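Here is a friendly walk through the side-chain contacts of one protein model. Keep the structure open beside you as you read.

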Amino acid sequence: LKNDANKVNQYLNSVVQGISSSIPNSMHLVKSYLGLGATCKAQWDFPQAIKWTEAALRIEMDIHETASEDEGFKEALKLRGSVYQELSGLYVQCGNIPKAQELAVASIKCLKEAPDSHDILAEAFIHLHELLKMGNAEKSMDVLNEGIAYFEKPDINEPIQAAALKFFLATTHFMSGGEGIDKALAILLKLLEPENKELDESHVGHDIRKLTTDIYRQKKEFSKAQELFEKGLEIHRRLHGETSEEYLRALSSLAGCHFEAEKYPSAIEYYNEFLTICESEKVENELLALCLRSLAMATLWKEGATDEDTKKALGYFEKSVALGEKYMGQTALFVSHLLACGVNLHAKGGADDLAINILLKAEDLALKLRDPFNMRYICETLQKLYERKGPKTKAKEYKNKAESFKKNFEGKKH
């Protein structure tokens, strides 16, 4: 499906023809139609994907048109609920939100009656919440609260699913800003208070810690954020080991929190641990490029930085730029990465040639990507560098460019 969707489509059509002539109205045919729908979705042909998926739903409903107490019917409800949810997503892609909402409600209704479907049901509540959120935030939160109440019923008792919905409730409050941030934090802290190993080690637990640390960092309560980052690091060490991608991401987040709090020596210590693991495991990626940039900045800005520290930092910047070019490619992310390197080198001073070379690379890519926002700041920084280093004609050239891009960006924003 990843390499040749047309070939998959051809095979599935052959399967459909064979099954239709030999065993029509069978679950084999349902699965084949769903496969054709998935193939069309992978090819961004959403109307055709809807056609095949709805055909699968009609056949499944014909097969299981029996009394509700029948065990086969109960099992079929899980598939039906999943298909309703898939169709809802397809109608979103086609811009038919009312139909998508209708199908999302049908999906929840089916999955509540289906056995062993709590994971999919939680996703269905979240999906309906996302559909309603833009038009009616209050109603979308009612959907989440309905789901929370369902999963907390004594005969259901699914704390992980309830926690997942509470996380989305907290996220909605957080996105509203103002008092909503404090409401979000109150929900998250309630989820974190009791020691719950299963929740801590789940993806939901990771998301809860991530949002909580985001709020603490926004409030400048870095010590509280660091405690949660350390907890997450220990969980990933225990579950995945010290050379895993999960552990490295947690380690980079902890280092970043110390950096943000301007605790540069401890940030450097964590970044160096990250670097050591990457070197021993021969890991190279986008995250390493970003961590090298932060390590360079921490090395430059720490109290009592020496000439040797400056030399190290310049090496980190150069390696960070090379890795960024390799793993970020011709993207706006790479432009921002280059800009951050150039701005910090300019602010520190002493490496103007390197800063100019990095920013000229950023300028070239930003022009290709038609990125007036970053172009403005690239040109402003180059203007300051040329004012300090010369020639003055270059400084004037970039001053005019910066003003032009500023006007361009403000016009587009308007």
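Ring pairs join Phe-125, Tyr-150 and Phe-151 into a cluster. Rings of Phe, Tyr and Trp (its six-membered ring) count as a pair if their centres lie within 6.5 Å, with planes under 30 degrees apart called stacked, over 60 edge-to-face and the rest tilted. The model you are looking at is predicted, so local features need pLDDT of at least 70 and side-chain atom pairs count only at pLDDT 80 or more, while totals for chains, interfaces and linings use all residues. Residues are numbered from 1 along each chain as its sequence is written, and side-chain values use heavy atoms, with hydrogens and water left out.

**Aromatic pairs**

The structure holds 8 aromatic pairs. Helices here are DSSP runs (H or I, at least four residues), numbered from the N terminus. Phe-373 is partly exposed at 38% relative accessibility, and Tyr-377 is partly exposed at 31%. For these terms, buried means under 20% relative accessible area, exposed means over 50%, and partly exposed is in between (1.4 Å probe, protein chains only).

How are the rings of Tyr-386 and Tyr-398 arranged, stacked or edge-to-face? They are stacked, because their centres are 5.8 Å apart and their planes are at 15°. Tyr-386 lies in helix α19 and Tyr-398 in helix α20 (residues 392-413), so this pair ties together parts that are 12 residues apart in sequence. Tyr-386 and Tyr-398 are both buried.

**Charges over rings**

A charge sits over a ring if NZ of Lys or CZ of Arg is within 6 Å of the ring centre and within 35 degrees of the ring normal. Lys-348 lies over the face of Trp-301, 5.7 Å from the ring centre. The charged end of Lys-99 sits over the ring of Tyr-91, at 6.0 Å from its centre.

From C-alpha to C-alpha, Lys-99 is 9.2 Å from Leu-87, a residue 12 places apart from it in sequence.

**Salt bridges**

Side chains of opposite charge can pair when their charged atoms come close. A search of the whole structure finds 25 salt bridges, each a side-chain nitrogen of Lys or Arg within 4 Å of a carboxyl oxygen of Asp or Glu. Three of them are set out here.

| Salt bridge | N to O distance |
|---|---|
| Glu-102 and Lys-99 | 3.6 Å |
| Glu-152 and Lys-166 | 2.6 Å |
| Glu-234 and Arg-237 | 3.1 Å |

Where do Glu-152 and Lys-166 lie? Glu-152 is in the loop between α7 (137-151) and α8 (159-176), and Lys-166 is in helix α8, so the pair ties together parts that are 14 residues apart in sequence. Glu-152 is partly exposed at 45% relative accessibility, and Lys-166 is partly exposed at 24%.

Glu-102 and Lys-99 are separated by about one helical turn because they are 3 residues apart in helix α5. Glu-234 and Arg-237 are likewise 3 residues apart, in helix α12 (residues 222-240), so about one helical turn separates them. Glu-234 is partly exposed at 37%, and Arg-237 is partly exposed at 30%. Elsewhere, salt bridges that share partners join Glu-363, Lys-394, Glu-397 and Lys-401 into one network.

**The nonpolar core**

In soluble globular proteins, nonpolar side chains tend to be buried together. A nonpolar core is a set of buried Ala, Val, Leu, Ile, Met, Phe, Trp, Tyr and Cys residues joined through side-chain atoms within 4.5 Å. The largest such core has 129 residues, and among the members that touch the most others are Leu-87, Phe-151 and Phe-274. Helix α15 (residues 286-301) gives the most to this core, with 10 residues. Not counting residues up to four places away in sequence, Phe-274 touches Leu-248, Leu-251, Ser-252, Leu-287, Leu-288 and Cys-291, where contact means heavy atoms within 4.5 Å.

**Helix α18**

The buried residues of α18 include Leu-354, Ile-358 and Glu-363. After α18 comes Arg-370, with a positive phi near 55°.

Note on methods: Helices (H or I, at least four residues) and strands (E, at least two) are DSSP runs, numbered from the N terminus.
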